[in-house]
Amino acid sequence: MSSIPDYPSIPWNETLYKQVEEDDLFAFTVTNLNQCFDGREEALLDFIHTHPNISNLRNNPSAILDTIDEFGRTKDFLMTLGPAKRGIIKSLMAEQRPKVLMDVGAYVGYSALTLGCIVLDLYPGAKSSEVKVFSFEKEPKCAAITSSFVELAGLKGVVDVVVGSADVEFRRLTEEGTLTSVDMLLLDHWEKLYVDDLKVVEELGLLKEGSVIVADNVVCPGAPEYLEYVRGGKASEKP
Ligand SMILES: C[S@@+](CC[C@H](N)C(=O)[O-])C[C@H]1O[C@@H](n2cnc3c(N)ncnc32)[C@H](O)[C@@H]1O
């Protein structure tokens, strides 16, 4: 847990912020953080399933991800990881070779498909009992969209979509023995929840030597409490 990378060189999608004063003093207004769950996710679902290239998308997670990026570029902003961070995660996974992953905050399934297709590339032909991505999403509609894309991508069995608040579902899956440890945890839900939910993962004993925790948006919008917590090394201490 010693080197948690933050990637200061990677900017948050600039469209999130609108410059309102052209002066030495720059003021930014958050303009579209709340522009989600406003019908664009359902529009994405239609866009994918009625896409002229639908036959190329079937069983092709990378092509679906590219098409989600296309929607984000040409139709509406989506709060997905996006292609640059997808590349970083691919490099990180090639290095760490995780088999069991937790994706916290599925939204429309971009991160779930990213992790699912990379883990299958790392372990071709692996059985679904050997590699697994648990993808947590509290909004039922988003979880349903994620499930639909997981099925289209041919990742059913590798990616399990779990509907509900992540902390509650971590406990349930651990108590029932479905989740016993995690090799890679991706935190990409709400920054304010990162520390509390990481503490639940610690308390449940899911982290082991070599587990990697990746957190998105720690620089912008920012997750100072989270950075202080992991940089303080607390995540490596037993509770
Ligand atoms: C930034 S989006 C995730 C983006 C996604 N990882 C991707 O790359 O497409 C955040 C998502 O986290 C979900 N979320 C927020 N709090 C949550 C919680 N406590 N448990 C599960 N999901 C949560 C939100 O509903 C939202 O869909």
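Predicted model: local features only at pLDDT ≥ 70, side-chain atom pairs only at ≥ 80, totals over all residues.

Q: What share of the residues is buried?
A: Of the 239 residues in the chain, 36% are buried.

Q: And how much of the contact total comes from residues 24 or more positions apart?
A: Such pairs account for 73% of the contacts in the chain with a separation of 6 or more.

Q: Which residues have the most contacts inside the largest nonpolar core?
A: They are Ile 64, Val 108, Leu 113, Phe 149 and Leu 186, in a core of 60 residues. In soluble globular proteins, nonpolar side chains tend to be buried together.

Q: Take Val 108, then: what is it in contact with, leaving aside neighbours within four places in sequence?
A: Val 108 is in contact with Glu 41, Leu 44, Ile 68, Leu 78, Thr 80, Cys 142, Ile 145, Thr 146 and Phe 149. Phe 149 is also listed with Val 108 among the residues with the most contacts inside the core.

Q: Changing topic, which residues are closest to the ligand?
A: The closest are Gly 105, Tyr 107, Tyr 110, Ser 111 and Ala 166, out of 20 residues that surround the ligand. Helix H5 (110-122) and strand E4 (132-137) are the elements that give two or more residues to this shell.

Q: How does that shell divide by class?
A: The shell has 11 nonpolar, five polar and four charged residues.

Q: How do H7 and H8 pack?
A: Helix H7 (residues 166-175) and helix H8 (residues 194-203) pack at an angle of about 5°, and their axes are 10 Å apart. Because the angle is under 35 degrees, H7 is roughly parallel to H8.

Q: Which residues meet there?
A: From H7, Ala 166, Asp 167, Phe 170 and Arg 171 meet Asp 197, Val 200 and Val 201 of H8. The residues of this contact comprise four nonpolar, no polar and three charged.

Q: What is Lys 132 in contact with, beyond four places in sequence?
A: Lys 132 is in contact with Val 100, Val 158 and Asp 160.

Definitions and conventions. Residues numbered from 1 in each chain as written. Buried ≥ 20, exposed ≤ 12 C-beta atoms within 10 Å, placed from the backbone. Contact = placed C-beta atoms within 7 Å. Core = buried A, V, L, I, M, F, W, Y, C linked by C-beta atoms within 7 Å. Near = placed C-beta within 6 Å. Helix = DSSP H or I, 4+ residues; strand = E, 2+ residues; numbered from the N terminus. Nonpolar A, V, L, I, M, F, W, Y, C, P; charged D, E, K, R; others polar. Axes fitted to C-alpha atoms, helices over the stretch in contact; angles between N-to-C directions. Parallel < 35°, antiparallel > 145°, perpendicular 65-115°, else oblique.
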